[in-house]
Amino acid sequence: MSEELRLNIGTDQGSDSEGDDRGEYERSKAREKVLQDQIQELSTKVSEERCLRRAKVKRSAMSPSNPSSESRLLIVANRLPMSLKKDEATGVWSFQMSSGGLVSALLGIKNVDMVWLGWPGVPVENEKDQEAIHNLLSAQRCHPVFLTKQLIDLYYLGYSNNVLWPLFHYIPLPIDDLKNSVKMFEAYEEANQLFADALLSIYRPGDLVWVHDYHLMLLPSMLRSVHQKMKIGFFLHTPFPSSEIYRALPQREEIVHSLLSSDLIGFQVYDDCRHFMSSCTRILGLDTPPTGVQLGRGLAVIGAFPIGIDPDRFTDALNHPAVLNHIAEFKEQFKGMKIIVGIDRLDYIKGIPHKIHAMEQFLSTNPQWVGKVVLIQIAVPSRTDVPEYQKLAKETHEFVGRVNGRFGSIVHSPIHYLDQSIPFVKMVALYCVADTCLITSLRDGMNLVSYEYVACQTAVHGEGVLILSEFCGASQSLGAGSLRINPWDIEETSKAIQYALEMSSNERKEYHRYAMQYVSAHTSQHWADGFLQKLKQTKNVVTVPLVPKRLQIDDVVHAFQSKSSSHRVIILGLVGTLIQRRASGMSYDRFQRFAKCNPSALEAIRTLAEAPNTTVIILTSRNREMCEHVLDDTSAWIGAENGFFLKKGRNLAWETIQEPVDNTWMDEVTKVFDYFTERTPKSFIEKEETFMSWHYEDADREFSELQARDLLMHLVAGPLVNTSTEVVNCCKLLQVRPAGVSKGMMCDRILNIVQARNPDIGFVLCMGDFLSRDDDIFESLSSAVEPAQSNRMDTPRRMPSTKLPKSCYVATVNVGAKAGQAKKFVRSSVEVEKIITQLAECANN
């Protein structure tokens with residue numbers, strides 16, 4: 001920024017001793033105020049620069065210029081397929097191709113113009129180095145995304161690897177990481193936005209976008225918000241846990257919503273598809289047809305696409321001189337012995353200790369094999385700076401030492417354990433000479449070691465036997481070509497080792513024949529072709545409602561301060577916004593009696609409601625009695641029963657702002673509700689003066705949804721005929737209320753009353769966790785300052801009567817990450833309390 005901010009506050013050295021303390025205190029307050037103003041101004045300028053940069057990227061991405069004659073495939077992954085290194089002496093950067101499941105699979109894709117976007121693997125903040133890396137990698141059809149070290153620590157090492165990775169592998173979330181999950185998730189969002197900006201800067205209409213793995217699960221929604229017709233595919237290489245596990249994730253809604261912005265979502269096996277669709281149903285309440293997930297009028301297609309390898313790469317390597325030399329060395333070194341091989345990352349999901357225990361059990365129960373078999377375990381170091389991994393490495397070394405001490409001798413160790421990665425040629429040679437490959441993963445997306453081992457087995461050296469954990473995705477593909485085990489059953493694994501070593505030659509050939517047939521047919525090229533062909537066939541998910549971006553609290557606070565000379569309106573929901581929602585199983589009467597607002601939030605509301613030029617409005621469907629109980633002694637305006645009843649401050653009487661309504665339908669509707677409540681366990685009725693609701697959120701999902709459909713048909717065909725009512729069926733409740741009594745319409749009327757008293761409204765903040773049908777409150781407020789003739793993509797369902805000046809700051813905020821008409825969201829009532837507390841502090845100043 002070219003503008004330079006200066007702090008010029010002098011200190012009075014001539015004051016007498018009695019006034020020194022008081023004078024210094026006042027000067028300190030003045031300095032603090034100037035510093036706060038500077039910080040706020042700098043923060044605003046940073047936000048403006050980010051908005052300008054992203055608007056430029058968005059315009060560039062949507063520009064029809066540079067049309068491509070042929071569509072490209074844009075691969076987006078956390079890491080580029082190479083490692084970078086800088087020669088400190090010359091300052092020259094070089095690269096080396098990486099290994100790994102994703103890299104080996106995607107390197108096998110042929111006949112596609114592919115561009116790979118990802119982090120280069122090292123933090124590079126020097127612009128000269130960034131330019132040099134960009135020039136180096138562009139020749140390799142790679143586009144780097146640069147991340148700072150702090151961002152890498154929070155996004156990659158933090159949220160991706162300490163929260164998502166364990167959870168997706170059925171490991172409970174560490175409490176220390178949960179305490180920092182909000183901060184880590186903010187970094188996760190920021191990193192995903194950097195990837196989105198990088199992709200949009202090179203995207204051309206017609207390109208296919210393929211996003212990979214759990215590091216970038218927010219990317220689809222960020223891309224969809226810019227390009228409605230972009231073809232977006234997402235593939236998850238890890239397992240997706242069952243909904244019972246996944247629902248423990250604090251940010252569960254944001255991630256699922258974002259993935260549903262993809263045209264095609266791919267998983268390794270069908271079990272993962274089933275778990276994902278179950279999570280969509282249980283967490284978001286969405287319909288899940290057999291082929292995908294229904295969100296709005298769009299359909300995100302779900303499919304299983306088991307990944308493969310390029311087997312030719314391994315079979316061709318078997319004839320390489322270096323590989324042949326290593327084969328000869330291994331045969332000489334382990335002459336007369338059977339070889340069991342294991343190649344894994346040193347990770348707690350790989351089950352290496354279970355493998356060691358099984359080997360110990362095998363040697364203990366089969367002493368005739370002592371000295372005649374060796375396990376060569378390659379444990380590639382992983383995350384060596386993490387205490388849990390350090391503990392795993394220490395325990396594994398102790399297990400290996402115990403087994404070698406018990407069954408070894410001066411000339412023989414039953415387990416050869418290496419804490420290192422090995423070159424490709426040596427790995428292929430080891431695969432080739434191994435009589436058995438033992439994989440004991442406790443949970444794995446696919447595990448391509450099994451495929452690589454099968455590809456390296458030849459008739460020349462004898463076919464080996466694959467022992468494969470049933471918790472690997474590969475077990476569903478290679479089940480008939482392997483011995484499947486439960487790695488938690490040490491006895492079973494021990495017997496499988498014995499069976500594999502003693503298996504007849506003909507049986508080994510039959511196992512290998514089936515496995516090799518599958519590996520040869522289901523290659524990485526086959527996997528990519530299948531996914532991309534399905535992606536091309538999908539219809540664009542253009543009607544999927546998008547989750548808005550998260551609210552930046554500093555922006556709201558700055559706007560509130562800057563509009564102090566105008567009138568400011570704060571509109572808040574009640575349940576889910578200022579107080580917690582009813583806990584599952586709690587009776588509705590008890591909830592109404594014991595619901596309460598956090599004292600600090602209530603104090604902030606009192607302060608804001610009494611501040612100059614400020615009106616606070618609480619708008620809720622709760623009845624008057626509960627509102628007075630929860631919001632006791634405040635000057636805030638309260639709109640009860642969706643705003644039908646209005647109280648304009650402390651000690652004032654309730655009044656109605658709508659013409660009297662005909663509620664004669666209630667008696668007949670009550671009979672229908674009672675009938676279905678008796679027949680639907682855990683459902684209940686909520687009856688107020690102006691509406692009735694049938695709640696079934698605690699009832700069995702499938703049965704209650706059938707009952708709700710039947711109930712709706714009974715109402716429409718019976719007691720609601722020729723009545724001026726509307727039926728709202730969403731969020732696991734069915735509500736009957738007078739037509740026109742929605743939060744959007746009532747908010748419009750209340751705002752009209754406020755505007756009649758204070759015409760100069762310059763700030764409106766609306767935050768709430770409303771029913772999807774009452775989402776029109778956000779639409780109404782946005783439309784009040786955005787007339788129909790503006791550049792809106794859609795026409796609002798109802799034009800508001802309130803007209804706000806174009807200079808008015810309007811923020812519409814969902815409580816919870818969900819799609820709808822709000823422009824922003826906050827995660828919970830805790831963030832709402834934080835916002836109104838900060839606003840109250842500003843009002844006091």
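Predicted model: local features only at pLDDT ≥ 70, side-chain atom pairs only at ≥ 80, totals over all residues.
# Strands, rings and a buried glutamate

Ile617 has Trp637 in strand S20 as its bridge partner. Strand S19 (residues 614-619) and S20 run parallel and are joined by three bridges.

On its way onward, the chain makes a hairpin from S20 and S21, with four residues between the strands. Glu641, in the turn, has a positive phi of about 50°. Strand S21 (residues 645-647) pairs with S20 in the antiparallel sense, over three bridges. Within this pairing, Ile638 stands opposite Lys647 in S21.

Which residues of S20 point one way, and which the other? In a regular strand, side chains alternate between the two faces of the sheet. In S20 (residues 637-640), Trp637 and Gly639 point one way, while Ile638 and Ala640 point the other way. All four are buried.

The next topic is aromatic rings. Across the whole structure, a search finds 28 aromatic pairs. One of them is formed by Tyr159 and Tyr188, with ring centres 4.9 Å apart and planes at 50°, so this pair is tilted. The angle falls between the limits of 30 degrees for stacked and 60 degrees for edge-to-face. Tyr159 belongs to helix H4 (residues 149-168) and Tyr188 to helix H6 (residues 181-202), so their pairing ties together parts that lie 29 residues apart in sequence. Tyr159 and Tyr188 are both buried.

A further pair is that of Phe240 and Tyr246, whose ring centres are 5.0 Å apart; the planes stand at 35°, so this pair is tilted. Phe240 is buried, with a relative accessible area of 1%. Tyr246 is also buried, and its relative accessible area is 0%. Phe240 and Tyr246 belong to one aromatic cluster together with Phe168, Phe267 and Phe276.

| Charged residue | Ring | Distance from charged end to ring centre |
|---|---|---|
| Arg313 | Phe424 | 4.4 Å |
| Arg443 | Tyr170 | 3.8 Å |

In each row, the charged end of the arginine sits over the ring: Arg313 over Phe424, and Arg443 over Tyr170.

Where is Glu360 placed? Glu360 is in helix H13 (residues 352-365). Is Glu360 buried or exposed? With a relative accessible area of 12%, Glu360 counts as buried, because the cut-off for buried is under 20%. Once neighbours within four places in sequence are left aside, Glu360 is in contact with Arg402, Val403, Arg406 and Phe407.

Some totals describe the chain as a whole. The chain contains 28 helices and 29 strands. It has 845 residues, of which 53% count as buried. Among contacts between residues at least 6 apart in sequence, 73% join residues at least 24 apart. The accessible surface of the chain comes to about 38200 Å², and 50% of this belongs to carbon and sulfur atoms.

How values were computed
Residues numbered from 1 in each chain as written. Heavy atoms only, no water. Phe/Tyr/Trp six-rings, centres within 6.5 Å; stacked < 30°, edge-to-face > 60°. Helix = DSSP H or I, 4+ residues; strand = E, 2+ residues; numbered from the N terminus. Buried < 20%, exposed > 50% of the residue type's maximum accessible area, 1.4 Å probe, protein only. Lys NZ or Arg CZ within 6 Å of the ring centre and 35° of its normal. Contact = heavy atoms within 4.5 Å. Pairing = 2+ DSSP bridges. Areas by Shrake-Rupley, 256 points an atom, 1.4 Å probe, with all protein chains shown as cover.
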